[in-house]
Amino acid sequence: MNRKIFSALILLVLVLLTYFFVFEYYASSELEGKAKLESDSIPAELLQPDPTILYGMVVDSFQVQEHAVKRNQSISDILLAYNVSHQTIFQLANVAKNVFDVRKIAPNKKYTVIYQDVDSLPSATALVYEPNPEEYVVFNLKDSINVYVEKRPVEIKEKAISGTIQSSLYEEILKNGGTPELVDLVADMYGWQIDFTKIYPGDQFKVLFTERNIDGKSVGVEEILGAELIHYNNPFLSVAFDQGDGVDYFDEEGKSLRKAFLRYPVKFTRISSRYTAKRFHPVQKRYKAHLGTDYAAPTGTPIYAAGDGVITKALYEKYNGRNVKIRHNATYSTQYLHMNRIAKGISPGSKVKQGQLIGYVGSTGLASGPHLCYRFWKNGRQVDAMKVDLPPSEPIKEDYLSTFNRYKSYIRSKLDQIPYPESEDEVLMAGMQ
Ligand SMILES: [Zn+2]
């Protein structure tokens with residue numbers, strides 16, 4: 001071979017090799033640079049897979065399905081669909097006993113199944129049930145069967161809402177971002193002062209309250225701190241205050257917003273018989289005094305203690321049927337007749353709070369149909385519960401008065417800072433200018 005041609009070929013090979021090495025080097029370093037630059041925008045799991053964590057479990061190699069519990073669906077129904085054996089379900093119910101009662105699984109609640117396909121059949125690894133937004137129950141089915149309840153961190157946030165009523169308090173609160181729960185709380189709070197069925201357009205309200213938040217989403221009202229309602233141009237201030245026996249609401253002068261007694265101790269359908277000195281008794285078929293108010297309601301309707309007090313009677317009697325009597329103080333007692341059932345824990349000597357469940361409507365004793373016969377005693381004599389002037393609940397006690405007054409000023413200044421939303425008319429006028 002010609003030496004010249006040979007040398008030329010060697011040179012050519014060297015040049016080519018050099019070219020390739022250099023090109024490869026730059027190309028790869030360029031790629032690396034690009035990768036470094038883009039590592040911020042490329043989803044992290046593509047570069048360096050982060051495990052996917054759900055309910056504190058790594059679920060990457062699993063499938064996940066979310067459902068809502070159907071009516072009459074039991075934990076067995078749920079797990080059998082994911083090929084969990086009867087034996088495992090039995091064991092699980094046993095292990096769960098002290099943590100969560102599996103019979104309490106309720107319709108429409110969310111549950112999540114974490115499973116793998118085994119021989120193309122789903123096989124559950126874990127079940128997570130959410131009884132409420134604040135907690136979830138984990139049922140671990142593999143390895144060692146175990147059950148635990150996990151609570152999500154709840155953040156309490158202060159919120160304010162205000163509005164001018166156009167048609168109803170309900171609509172106005174919802175329109176301004178409130179919930180039906182908040183409407184109920186406001187209506188209950190002012191229930192003694194204001195008849196919300198007679199609210200009038202132009203009435204205004206401001207409510208300062210705290211909300212429970214999970215992952216930035218509201219899961220309910222914690223409590224109302226204070227409120228102001230302008231009803232027919234009269235201001236009604238409400239300040240939440242605890243003087244040692246739980247939170248109550250007080251007005252400007254430190255008087256309780258609540259009366260000592262509920263107006264009605266039961267949600268009734270109609271008043272079937274009023275208090276009267278003389279009436280024709282439907283069962284005894286003769287004229288007789290009726291020293292109570294009869295509220296007709298279906299059997300099983302809850303009956304609530306009209307006020308705080310101590311149970312003095314809880315028994316069955318021939319004419320009164322199952323009945324409960326409460327001594328509220330030296331002056332007042334109330335009695336509840338013809339109950340189908342007396343509530344758990346209601347027996348002579350036990351203390352009750354206003355609104356506490358004491359029993360259920362029935363027709364035991366001398367009664368022609370299911371109703372509550374409500375009797376009101378004042379100074380040992382029976383009076384008409386519908387006509388008696390109900391006394392207010394305990395006001396702020398002397399010892400707490402200065403603390404209450406300082407707190408009231410603080411709440412008032414906070415309420416003063418809440419603006420009313422611009423009315424639609426004002427917005428329209430502003431737009432026209
Ligand atoms: Zn009666």
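How many bridges pair β11 and β12, and in which sense? The two strands pair over 4 bridges in the antiparallel sense. The legends below describe close-up views of a predicted model.

**Figure 1. The hairpin of β11 and β12.** Four bridges in the antiparallel sense pair β11 with β12. Asp242 has Val247 in β12 as its bridge partner. The hairpin has 4 residues between its strands, and Gly244 in the turn takes a positive phi of about 105°.

**Figure 2. The hairpin of β10 and β11.** Strand β10 (residues 217-231) pairs with strand β11 (residues 234-242) over 6 bridges, in the antiparallel sense. Opposite Ile230 stands Pro235 in β11. This hairpin has 2 residues between the strands, and Tyr232 has a positive phi near 50°.

**Figure 3. The open sheet of 5 strands.** The strand order is β8-β9-β10-β11-β12, and the pairing is antiparallel. At the edges stand β8 (155-164) and β12; each has a single partner strand, so one side of each lacks a neighbour in the sheet. From one strand to the next, the twist averages 25°. β8 and strand β9 (residues 204-214) run antiparallel and are joined by 10 bridges. Lys159 is placed opposite Phe209 in β9.

**Figure 4. Two helices across the sheet.** Helix α6 (residues 180-190) lies across β8, β9, β10, β11 and β12 and runs at about 40° to β10. Helix α7 (residues 401-416) also lies across β8, β9, β10, β11 and β12. The angle of α7 to β11 is about 125°.

**Figure 5. The zinc site.** His290 (NE2), Asp294 (OD) and Cys373 (SG) coordinate the zinc ion at 2.0 to 2.3 Å. Along the chain, the donors follow the spacing H-x3-D-x78-C. Asp294 in strand β16 (residues 293-296) and Cys373 in strand β23 (residues 371-378) are 79 residues apart, and the pair links distant parts of the chain.

**Figure 6. Aromatic pairs at Phe376.** The model has 19 aromatic pairs. The ring centres of Phe261 and Phe376 are 5.0 Å apart and the planes stand at 70°, so this pair is edge-to-face. Phe261 lies in the loop between β12 (247-250) and β13 (270-273), and Phe376 lies in strand β23, so the pair ties together parts 115 residues apart in sequence. Phe261 is buried, with a relative accessible area of 1%. Phe376 counts as buried because its relative accessibility is 1%. Why is the pair of Tyr332 and Phe376 edge-to-face? The planes of these rings are at 65°, and planes over 60 degrees apart count as edge-to-face. The centres of the two rings are 5.7 Å apart. Tyr332 lies in strand β20 (residues 332-342) and Phe376 in strand β23, so this pair ties together parts 44 residues apart in sequence. Tyr332 and Phe376 are both buried.

**Figure 7. The aromatic cluster.** One cluster is formed by Phe261, Tyr264, Phe268, Tyr295, Tyr332, Tyr336, Tyr374 and Phe376.

**Figure 8. Lysines over aromatic rings.** Lys206 lies over the face of Tyr420, 4.9 Å from the ring centre. Lys325 lies over the face of Trp377, and the distance to the ring centre is 3.6 Å.

How values were computed:
Residues numbered from 1 in each chain as written. Predicted model: local features only at pLDDT ≥ 70, side-chain atom pairs only at ≥ 80, totals over all residues. Heavy atoms only, no water. Donors = N, O, S within 2.8 Å, 3.2 Å for Na, K, Ca; no water. Phe/Tyr/Trp six-rings, centres within 6.5 Å; stacked < 30°, edge-to-face > 60°. Buried < 20%, exposed > 50% of the residue type's maximum accessible area, 1.4 Å probe, protein only. Lys NZ or Arg CZ within 6 Å of the ring centre and 35° of its normal. Pairing = 2+ DSSP bridges. Axes fitted to C-alpha atoms, helices over the stretch in contact; angles between N-to-C directions. Contact = heavy atoms within 4.5 Å.
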